[in-house]
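Trainee: Could you walk me through a structure, one feature at a time? I would like to learn how to read each one.

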Amino acid sequence: MKRKLTITMDEELIPVAKRYARSRGVSLSSLIEDSLREATAERSQSFAARWRGKFQPADRDDPRYDALAKKYLE
């Protein structure tokens, strides 16, 4: 069941958001609803799934790498 919700947003954002929704062939309400569904669905992902692919490989020439490797990998 759908219910009406009033939101407040920056005045300059409203026409931009409406154009964005129109360019994708959806209403602004649908765009906001879909965005909120995505945002809340991400929270159900595991910690590892949220962070997978977010880190860069260590720079092995960095002296900090050597210190940490010595401490934790030996």
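**Reading the model**

Mentor: Let's begin with Phe47, which is found in helix H3 (residues 47-51). Helices (H or I, at least four residues) and strands (E, at least two) are DSSP runs, numbered from the N terminus. Please keep in mind that this is a predicted model, where local features need pLDDT of at least 70 and side-chain atom pairs count only at pLDDT 80 or more, while totals for chains, interfaces and linings use all residues. Residues are numbered from 1 along each chain as its sequence is written, and side-chain values use heavy atoms, with hydrogens and water left out.

Trainee: How many helices and strands are there in the protein?

Mentor: There are 4 helices and 0 strands, so from the N terminus on the order reads α-α-α-α. The radius of gyration is 22 Å, well over the 11 Å that the globule rule gives for 74 residues, so the protein is more spread out than a compact globule. That radius is taken over C-alpha atoms, and the globule rule is 2.2 Å times the number of residues to the power 0.38. Along its principal axes, the C-alpha trace spans about 60 × 30 × 25 Å.

Trainee: What percentage of the 74 residues count as buried?

Mentor: The general idea is a set of cut-offs: buried means under 20% relative accessible area, exposed over 50%, and partly exposed in between (1.4 Å probe, protein chains only). Here 7% of the 74 residues count as buried. Phe47 is exposed at 57% relative accessibility. Pro63, whose place is in helix H4 (residues 63-72), is exposed too, at 60%.

Trainee: Which residues form a nonpolar patch on the surface?

Mentor: Patches are made of residues with over 30% relative accessible area and no salt bridge; like charges are joined within 9 Å, and nonpolar side chains (Val, Leu, Ile, Met, Phe, Trp, Tyr) within 5 Å. In this case Phe47, Trp51 and Phe55 form the patch, with about 400 Å² of accessible area together. Such areas come from the Shrake-Rupley method with a 1.4 Å probe; for residues, only the protein chains shown count as cover.

Trainee: Now the charges, please. How many salt bridges does the count come to?

Mentor: Side chains of opposite charge can pair when their charged atoms come close. A salt bridge is a side-chain nitrogen of Lys or Arg within 4 Å of a carboxyl oxygen of Asp or Glu. By this rule the count is 3. One of them joins Glu33 to Lys2, with the closest N and O atoms 2.8 Å apart. Glu33 lies in helix H2 (residues 28-42) and Lys2 in the segment before helix H1 (13-23), so the pair ties together parts that are 31 residues apart in sequence. Glu33 is partly exposed at 25%, whereas Lys2 is exposed at 66%.

Trainee: Which residues are linked with Glu33 in a network of salt bridges?

Mentor: Lys2 and Arg37 are linked with Glu33 in that network. Arg37 pairs with Glu33 at 2.7 Å between the closest N and O atoms. Both lie in helix H2, 4 residues apart, about one turn of the helix. Arg37 is exposed, at 54%.

Trainee: And Arg64 and Asp62: is each one buried or exposed?

Mentor: Arg64 is exposed at 59%, while Asp62 is buried at 18%. These two form a salt bridge, their closest N and O atoms being 2.7 Å apart.
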